[in-house]
Amino acid sequence: MGLATRLTLALGGGHVTLPGAGRIAVFGPRAGADLSALPHDRVQVITTLRPDFDHFSAQGFDRATAPSGRYAAALVCMPRARALAQAMVAQAAACTDGPVIIDGDKTDGIESMLRALRAHARATPGAPLSKAHGKLFTLAPGADLADWQPEGPRRIEGGFITAPGSFSADGIDPGSRALADTLPATLGARVIDLGAGWGYLSARALSRDSIEHLDLVEADHDALDCARTNITDARAHFHWADATAWRPDTPANTVIMNPPFHTGRNADPGIGRAFIAAAAMMLKPAGALWLVANRHLPYETTLAQHFKRVEEAAGDTRFKILHASHPSRQRR
């Protein structure tokens, strides 16, 4: 992998020198990232994504959802979203006494990050190491990137707050709005919002007095924190979990979702298919799934494998609203 190659070369060739003692914060590594070039017992993985958190937990790393105290060095693994990347670099610089290593593939925006830091009056990035379709460089200690730190959660249309890097952080997603507008008046007593994000679909669903219990399941810790603020209804219950692995204590009448379909910058319909399979396992025998998807995503075959009835309830040239009911008993 690119990170492992660049990090090994940088440390072995003297491009980066780690302090001899002290904790090393690793911000935002994705599951599967190879951190073996770093001293395992000194690393703390900092991630808000539950699948990544669980992956590094299984490898025996210390983990956290936010930095605590001071670090001797830090490694920032570039995320896709620019605002989140800048916030992570600023956060790393603020809590690290030694070098901040920044790594990313070209498709992650590493070159634009390097340019932005070179143009910043209070940051001194070192010369980059280019390898394996990406770059790695260090930020000298003492960088002041306070202007890159978000002042707080962003408030958008409808009074909702969002976190940098979260899905639809800049405004209500039009697909989610279309799904919310299409949902029937009756969803049943128990509803699950799978991949709930900052809570838009749940907020719309909870306008129904017939709902007694609604589970919001979201892998992004920061997005779920926003959902807790956006939804104060006592019927709402919040779960920081991998939506494809979580299961309710009691089967639900309805699952609603706008499943993610990207891994980094690459389209990956497999994520949505995994959401569909998981939803089928969460429902009562007569339960229903309502989902929105981009028009081109091939979910109908997967729906037919897991549900007895499948229909397109609404849609346009961009989105389709799919309704599936009666999960197949052999799948339960």
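His133 is exposed in this predicted model, at a relative accessible area of 68%. The residue sits in the loop between S6 and S7, and its phi is near 65 degrees, a positive value in a residue other than glycine.

**Overall form and surface**

- The C-alpha trace spans about 60 × 40 × 40 Å along the principal axes of the protein.
- Of the 332 residues, 50% count as buried.
- Among contacts between residues at least 6 apart in sequence, 61% join residues at least 24 apart.

**The loop between S6 and S7**

- Ala132 is found in the loop between strand S6, residues 129–131, and strand S7, residues 134–139; His133 has its place in the loop between S6 and S7 as well.
- Ala132 has a phi near 55 degrees, which is a positive value in a residue other than glycine.
- For His133, phi is near 65 degrees, again positive in a residue other than glycine.
- Ala132 is partly exposed, with a relative accessible area of 34%, whereas His133 counts as exposed at 68%.

**Cysteines**

- The structure holds zero disulfides.
- Cys77 is in no disulfide, and the nearest cysteine sulfur to it, that of Cys95, is 14 Å away. A disulfide requires the two sulfur atoms to be within 2.5 Å.
- Cys95 is likewise in no disulfide, its nearest cysteine sulfur being that of Cys77, 14 Å away.
- Cys77 has a relative accessible area of 9% and is therefore buried, the cut-off for buried being under 20%.
- Cys95 also counts as buried, at 8% relative accessibility.

**Ala92 in helix H3**

- Helix H3 covers residues 82–95, and Ala92 is found in this helix.
- The relative accessible area of Ala92 is 0%, so this residue is buried.
- Leaving aside residues up to four places away in sequence, Ala92 touches Phe27, Ala74, Val76 and Val100.
- Pro67 is 25 residues from Ala92 along the chain, and the C-alpha atoms of the two are separated by 8.3 Å.

**Ser176 in helix H5**

- Ser176 lies in helix H5, which runs over residues 174–182.
- With a relative accessibility of 7%, Ser176 counts as buried.
- Residues up to four places away in sequence aside, Ser176 is in contact with Phe167, Tyr200, Leu201, Asn258 and Val292.

Notes:
Residues numbered from 1 in each chain as written. Predicted model: local features only at pLDDT ≥ 70, side-chain atom pairs only at ≥ 80, totals over all residues. Heavy atoms only, no water. Buried < 20%, exposed > 50% of the residue type's maximum accessible area, 1.4 Å probe, protein only. Contact = heavy atoms within 4.5 Å. Helix = DSSP H or I, 4+ residues; strand = E, 2+ residues; numbered from the N terminus.
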